[in-house]
Each structure stands twice: as structure tokens, then as C-alpha cells.
Amino acid sequence: MGRHPSKRTLMLFYDGELGPATADDVGAHASRCGRCRAWMADLASVGAVVRGEIIPTLAPSGATRRRAGTWEPRPLLERLLPALAAVAAIATVLTLVVANDPADQDVAVGADGVVET
């Protein structure tokens with residue numbers, strides 16, 4: 001096999017659904033190719049999760065930590081920082097819009113119809 005097998009072919013190989021000759025070629029390639037071996041290892045990890053051999057863990061929620069007595073409130077500033085950043089961004093945009101409003105500029109029209117600022 002001169003080039004990498006497709007991901008679909010690797011999945012079929014992993015699942016044992018290739019014919020013997022193709023399976024031998026893919027197996028030989030995977031034994032020499034680190035990239036394909038890594039992809040096969042990823043397939044094995046996903047397969048273990050799907051089969052229930054590995055149970056993914058999630059971080060406990062605030063309510064769970066509170067019941068367990070391990071919950072600590074975050075400082076007020078840390079909780080409000082995203083909202084304060086959003087308010088500052090909106091204020092900056094509004095300031096730029098108002099500062100560049102052409103209706104606020106002094107304009108004079110001369111007798112010849114030329115606009116002078």
C-alpha cells in the first residue's frame with residue numbers, strides 16, 4: 001500500500017469488515033505508519049466508550065459540589081467581569097459612533113454653493 005488508507009478503510013479494518021488481502025495490506029501499512037496507528041488508537045478509545053468499557057467523567061456541577069460541601073463561591077469581581085467587559089465594549093462602540101456623527105459637524109454653504117467645514 002503506497003499511500004494512506006482512507007479513514008473509512010481504517011474503520012472497516014478496525015471492525016474486521018475487510019477482506020483478507022485488503023486487511024493484510026492495511027495492517028502492514030498501519031504497523032509502519034504512526035499517523036494511521038494513532039488514528040486506530042482513537043478508534044479504539046471511541047469504541048471503548050461506545051461499548052461502555054470506559055465511562056466519561058464530567059466535572060461536578062455547582063449544586064453537586066454544594067451538597068458535597070466542596071463548593072466555594074467565586075469572588076464578585078470574577079463573576080461580573082464578563083458583563084463589565086461587554087458594557088465597556090458597547091460604550092466604546094457608541095462613543096465612536098456618536099463622535100463621528102456627520103450631523104454634529106459645522107457646515108456652511110457659500111454663495112457659490114460650495115460646502116465649507
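**Briefing: a helical chain with two strands**

The protein chain holds 5 helices and 2 strands. This is a predicted model. Along the sequence, the elements run α-α-α-α-α-β-β. Of the chain's 117 residues, 12% count as buried.

**Helix α2**

- Helix α2 covers residues 20–32, which makes 13 residues. At 1.5 Å a residue, α2 should span 18 Å. Its end C-alpha atoms lie 19 Å apart, which agrees with that expectation.
- Four positions in α2 are buried: Ala23, Val26, His29 and Ala30. Viewed down the axis of α2, the buried residues fall within an arc of 130°, so they line one face of the helix.
- Turned away from that buried side is a face with exposed residues. Pro20, Ala21, Asp24, Ser31 and Arg32 make up this exposed set.

**Cysteines**

- How many disulfides does the count give? The count comes to 0.
- Cys33 is in no disulfide, and its nearest cysteine sulfur, that of Cys36, is 3.7 Å away. Cys36 is likewise in no disulfide, with the sulfur of Cys33 as its nearest, at 3.7 Å.
- Cys33 is buried, because its relative accessible area is 10% and the cut-off for buried is under 20%. Cys36 is buried too, with a relative accessible area of 3%.

**Trp39 and helix α3**

- Trp39 sits in helix α3, which spans residues 34–51.
- Is Trp39 buried or partly exposed? Trp39 is partly exposed, since its relative accessible area is 22%, and buried would require under 20%.
- Trp39 and Lys7 are 32 residues apart in sequence. In space, their C-alpha atoms are 8.2 Å apart.

- A nonpolar surface patch of about 490 Å² is built from leucines. Its members are Leu76, Leu77, Leu80, Leu81 and Leu84.
- Where is Leu76 placed? Leu76 belongs to helix α5, which runs over residues 76–99.
- Leu76 counts as exposed because its relative accessibility is 54%, and exposed means over 50%.

Key:
Residues numbered from 1 in each chain as written. Predicted model: local features only at pLDDT ≥ 70, side-chain atom pairs only at ≥ 80, totals over all residues. Heavy atoms only, no water. Expected span 1.5 Å × (residues − 1). Buried < 20%, exposed > 50% of the residue type's maximum accessible area, 1.4 Å probe, protein only. Arc of directions from axis to C-beta. Patch = residues over 30% accessible without salt bridge, like charges linked within 9 Å, V, L, I, M, F, W, Y side chains within 5 Å. Areas by Shrake-Rupley, 256 points an atom, 1.4 Å probe, with all protein chains shown as cover. Salt bridge = Lys/Arg side-chain N within 4 Å of Asp/Glu carboxyl O. Disulfide = S-S within 2.5 Å.
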